[in-house]
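I opened a notebook for this structure and wrote down each thing as I looked it up. The entries are in the order in which I worked.

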Amino acid sequence: MGFATKIRDNILAIDKSSFQPFFEELKEADCIICSGSGRSLYSLNAALSLLTRGKLDGKTQKVVLTPDDPGFPGKSMYDAASDLEKRFNKTLLLMNSGSGSSNDPLVMAQDLATYIEEKNSQHFSMGLLTSNLQSPLAEVTRRYGHVIQIEGRGKAKPSLVYSETGIMGDIFELGTLELLNMTIEAIFRNMQSDEVFDLCEEEFETIGELMDANVESETYTRIIDMLEKGTNVFLGGKGTANQVAMMTGIRLFHIKSFLGDNVFMARGVNTPRPRAGDLEILISFTGEMKPVLLWCDALQRFNGSVLAITADGNSSLAKKADLKIVLPEQARQGIPRRFYTRAAYVLSPLPVKLAERLTERGLNLPEYILSWYHSITE
């Protein structure tokens, strides 16, 4: 897909001198607070969840929180800061916002800036991934930390060849996911900051092969056939897999809702009973996660179809599912898995290919869907 190549090029174009201190802040932080909105937050959470697994050089396991977690010690970042300062020597507020104007991270950054100034605290820093260096969020972050610019689609108009541009924020969000995933792997492997980009370049070869192998496959065609029809879509996974599922779900929702259908998360607060013909996309590295297997059984009892995304083609989930995409990966002890990022990339063409199919039918998506940027959907 053309937009995957653009994502790779955008990552490799990042200023290495500005990335190095960002890398060191992430490496040294005892606690990381993740902030963003919508797809950008799920991208950030998916990557950072890998950082909590295992120990780094014998250090205590890092703590990763979001403001919505039960363990977040306050109603706001300002309220939480005093408790965080007592518990951790170094807390990093890490934000992901393509526009740099998203309300949630901006308010958190402003609250933390106020606390730092009032208390003269040396226990906090900020980090931001954004496409807009002139944004209000970049301005605040720059005073207390480091800003990394990674380009998105920019202001280019979406073409009818959606595979060149992606849908909405694909280029930025998938870019930050891959960059952070390889950053975390580099930290676990005691590598230097410039080696992150070597890992990214190497991994994009695999991602490209997986996308090419799957996007034109019979399985993908059958999925697009289902999505084109009047079907609701359910997505699910546990842990990191669920963050990837939510990233995919938001992108699909904007197109499916335009067609009069809906997209739900498995066992969400508003998840209805499925109907015959509905599609469920389930993500599991092992393919043996019991709740995920039960979700599969439940949907099939209603004569729905299940697509499994797994690393093991012989797993229980792969055998139960009506369709499967296998993304093989050997688990490496002490090293975060690449499976979840690969799953996000392989699933990302679903709304793209659906849009192209609709165009072939003479139904062009309105501009507001393709350009629904961060102030609305992020």
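The entries below go from the whole chain to single strands, helices and residues.

**Entry 1. The whole chain**

I noted at the start that this is a predicted model. I then looked up the overall make-up: the chain has 16 helices and ten strands. I looked up burial next, and 57% of the 378 residues count as buried. For contacts, I took those with a sequence separation of 6 or more; residues 24 or more positions apart account for 75% of them.

**Entry 2. Strand E4**

I went to strand E4, residues 124-130. How many of the residues of E4 are buried? I found seven of the seven, so the strand is largely enclosed by the rest of the structure.

I then sorted the residues of E4 by direction. Phe124, Met126, Leu128 and Thr130 point one way, while Ser125, Gly127 and Leu129 point the other way. I checked this against the general rule that side chains in a regular strand alternate between the two faces of the sheet. In E4, the residues pointing either way are all buried.

**Entry 3. The partners of E4**

I looked for the strands that pair with E4. One of them is strand E3, residues 91-96, which pairs with E4 in the parallel sense over six bridges. Within this pair I picked out Leu93, which stands opposite Met126 in E4. I followed the chain from E3 to E4 and passed through helix H5, residues 103-119. This β-α-β crossover is right-handed.

Strand E5, residues 145-149, also pairs with E4 in the parallel sense, over five bridges. Which residue of E5 is the bridge partner of Thr130? I found Gln149 there. The path from E4 to E5 goes through helix H6, residues 136-144, and this β-α-β crossover is right-handed.

**Entry 4. The five-stranded sheet**

I turned to an open sheet of five strands. I wrote its order down as E7-E6-E8-E9-E10, with parallel pairing. Which strands stand at the edges? I found strand E7 (263-265) and strand E10 (323-326) there, each with a single partner strand, so one side of each is left without a neighbour in the sheet.

Strand E6, residues 233-236, pairs with E7 in the parallel sense over three bridges. In this pair, Leu235 has Met265 in E7 as its bridge partner.

I looked up what H13 lies across, and found strand E8 (279-284), strand E9 (305-310) and E10. H13 runs at about 155 degrees to E8.

I then looked at helix H13 (residues 339-347) beside helix H14 (residues 349-360). They pack at an angle of about 5 degrees, with their axes 5 Å apart. H13 and H14 are therefore roughly parallel to each other. On the H13 side I listed Tyr345, Val346 and Leu347, which meet Pro349, Leu350 and Pro351 in H14. The residues of this contact divide into six nonpolar, no polar and no charged.

**Entry 5. Two residues in helices**

I picked Asn45, which has its place in helix H3, residues 38-48. Is Asn45 buried or exposed? Its relative accessible area is 14%, under the 20% cut-off, so Asn45 counts as buried. Leaving out residues up to four places away in sequence, I found that Asn45 touches Cys34, Thr66 and Gln243.

I took Ser82 next, in helix H4, residues 77-87. Ser82 counts as partly exposed, at 31% relative accessibility.

**Entry 6. Two asparagines in loops**

I looked up Asn120 in the loop between H5 and E4. Its phi is near 50 degrees, a positive value in a residue other than glycine. Asn120 is exposed, with a relative accessible area of 58%.

I ended with Asn303, in the loop between helix H11 (290-301) and E9. Phi of Asn303 is near 65 degrees, a positive value in a residue other than glycine. At 59% relative accessibility, Asn303 counts as exposed.

Notes
Residues are numbered from 1 along each chain as its sequence is written. This is a predicted model: local features need pLDDT of at least 70, side-chain atom pairs count only at pLDDT 80 or more; totals for chains, interfaces and linings use all residues. Side-chain values use heavy atoms; hydrogens and water are left out. Buried means under 20% relative accessible area, exposed over 50%, partly exposed in between (1.4 Å probe, protein chains only). Helices (H or I, at least four residues) and strands (E, at least two) are DSSP runs, numbered from the N terminus. Two strands pair if DSSP finds at least two bridges between them. A crossover is right-handed if, with the strands pointing away from the viewer, the path from the first strand over the helix to the second runs clockwise. Axes are lines fitted to C-alpha atoms, for helices over the stretch in contact, and angles run from 0 to 180 degrees between N-to-C directions. Angles under 35 degrees count as roughly parallel, over 145 as roughly antiparallel, 65 to 115 as roughly perpendicular and the rest as oblique. Contact means heavy atoms within 4.5 Å. Ala, Val, Leu, Ile, Met, Phe, Trp, Tyr, Cys and Pro count as nonpolar, Asp, Glu, Lys and Arg as charged, and the others, Gly among them, as polar.
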